[in-house]
Amino acid sequence: MRIVPDLVLADGAWRADHAVYVTDGRIAAVDPAGATQPGDVRLSGKALLPGGVNTHNHTFQSLLRGLGDDLDFMGWRDRVLYPFSQRLDRDGIKVGAALAFAELLLHGATTCVDFFYLQDEGNENAEAVIDAAREIGIRLVLARTMYDWEGAPKRYRETPADAARRMRELIAAHRHDEMCSVQPAPHSAHGASPAMIRAGWEVAEAENTRFHIHVAEGRYEGERTLAEHGATPIRYLDRLGVLGPRMIGVHCVWLDDEEIALMGARGAALSYCPSSNMFLGDGITRVPELLRAGVRIGLGTDGGCTNNRQSVLEEMRMTSLLQRVRLLDGTALPAERAFAMGTSGGAGILGLETGEITRGRLADFVAVDLEDPSLHPRHDLLKSVVYAMSARAVTDVWVHGRRVVADRRLVTVDQAALMARVREVTKGWVL
Ligand SMILES: [Zn+2]
């Protein structure tokens, strides 16, 4: 297949009159287009960009959207998250995942991590999320959560031995799955015991995967980790021996200078979720300092009820704006950097060969309408994509070489039927 847009962001530069060749889900070449060929997918008036990589989400939370929008974190957790997540059966979990994936694709994201914790002591619920991703056609990293804090609902919890065994089984079941990778995700320093965190890390070591863990999201977490374990979160994880290149720390809002340096020195990565941090009033992660320390960074939306949008493009914009406001400096974080975090940076921290339009990468990309008012006037197109572009400009999306959005509509599922299912599952839900 040959896709011929007006412009393509390939190998780090905009190229006109180039064709993207796709074979077996990968980009075989990006070359000057030459004469029209039979079967060309011609994208007149459109530019092709790498798809967004969402490095942190809890997909079922899309069904909880709007229920507790103006609560603080504890109010949200105890009145919305815990009770309403109990209402979802396997089918509801799948509907929630499908809703999140649909919204992400329509907003130009082609990969999503689901940090998934409604296990019910098994892998069947996780498999329902994986089914939803396959049906909708998004690339998935199922970050299977390992949770054993007694204060959380029972269906989240497992023993470290059971969680590790199920983790290995799920990884084995999807070892050759081109669209889904499975990675361990001990919940956090407060949601997982030291034994559980170690168990997650050991599976990641044995299976050669990344692992995900929430770190220092709210200020209370650092105080709690210090009181319970005698060290702040990053120091504590280092003491456990898990702070290293495999680790993706989610949020990392409340780190001191030494912890930032330690993350960089150990080669750990960050999944940064600016909108969610703002929505919950968590604080502002010190992104430029983390970059200077050598920490690799990807972006995440977090769950649909703590953002409340599902758009990596939006997170790129927020990443830059939030640092300007924190540092009182309009040059704090340029658009190119934010765009890279939302694409190749996210792919890099997850260990996926996506996030760039270049030979050999996975064929995950997005067409945007150059005629959209939000992209006018045209001076620096990449800056406009990050700061100005409306989600409406996203017209077509390919994942693994398959066109899953065409003319702003999902082509893999009936969008109206899916929204009807969402209304059915959430019918009668009130706080
Ligand atoms: Zn999270």
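Author: In helix 8, which spans residues 257–266, the buried residues are E259, I260, L262, M263 and G264. Here buried means under 20% relative accessible area, exposed over 50%, and partly exposed in between, with a 1.4 Å probe and protein chains only. Helices (H or I, at least four residues) and strands (E, at least two) are DSSP runs, numbered from the N terminus. This is a predicted model, in which local features need pLDDT of at least 70 and side-chain atom pairs count only at pLDDT 80 or more, while totals for chains, interfaces and linings use all residues. Residues are numbered from 1 along each chain as its sequence is written, and side-chain values use heavy atoms, with hydrogens and water left out.

The cover over the buried residues of helix 8 includes helix 7 (233–239), strand 12 (269–272) and helix 10 (287–292); contact means heavy atoms within 4.5 Å. At the start of helix 8, a side-chain oxygen of D256 comes to within 3.1 Å of the backbone nitrogen of E258. After helix 8 comes G267, with a positive phi near 80°.

E158 is buried, at 5% relative accessibility. Its side chain makes a polar contact of 2.8 Å with the side chain of R166. A polar contact is a pair of N or O atoms within 3.5 Å; within protein, one must be able to donate a hydrogen and the other to accept it, and residues adjacent in sequence count only if both atoms are side-chain atoms. Leaving aside residues up to four places away in sequence, E158 touches Q119, E121, R144, T145, Y147, D148, A163, R166 and M196.

The open spaces come next. On a 1 Å grid over the protein atoms alone, a pocket is an open set of points with protein on both sides within 12 Å along at least five of seven lines, whereas a cavity is a set of points where a 1.4 Å probe fits but cannot get out; lining residues have an atom within 4 Å of a point. Grid points are joined across faces, edges and corners, and a volume is the space filled by probe spheres set on the points.

The largest pocket holds about 560 Å³ of space. Its lining is made of 25 residues, and R175, D177, S181, G351 and L352 lie nearest the centre. Strand 8 (139–146) and strand 9 (180–186) each supply at least two residues of this lining, and strand 9 gives the largest share, four residues. The lining of the largest pocket has eight nonpolar, eight polar and nine charged residues. In this classification Ala, Val, Leu, Ile, Met, Phe, Trp, Tyr, Cys and Pro count as nonpolar, Asp, Glu, Lys and Arg as charged, and the others, Gly among them, as polar.

The second largest pocket contains about 210 Å³. It is lined by 15 residues, of which L9, G12, P50, F339 and E356 are the closest to its centre. Strand 1 (2–10) and helix 12 (335–350) are the elements that give two or more residues to this lining, and the largest share, five residues, is from helix 12. Seven nonpolar, five polar and three charged residues make up the lining of the second largest pocket.

The largest cavity holds about 230 Å³. Among the 20 residues of its lining, F73, W76, L81, H187 and E217 are the closest to its centre. Helix 1 (73–85) and helix 6 (219–229) are the elements that give two or more residues here, with the largest share, five residues, from helix 1. The lining of the largest cavity divides into nine nonpolar, seven polar and four charged residues.

The second largest cavity has a volume of about 60 Å³. Its lining consists of L49, P50, G52, H107, G108, V312, L313, M316, F339 and V366. Helix 11 gives the most to this lining, three residues. By class, seven of the lining residues are nonpolar, three polar and none charged.

Finally, the structure holds zero disulfides, a disulfide being a pair of cysteine sulfur atoms within 2.5 Å. The closest cysteine sulfur to that of C180 is in C112, 11 Å away and therefore too far for a bond. C180 is buried, with a relative accessible area of 5%. For C305, the closest cysteine sulfur is in C273, 13 Å away, again too far for a bond. C305 is also buried, at 2% relative accessibility.
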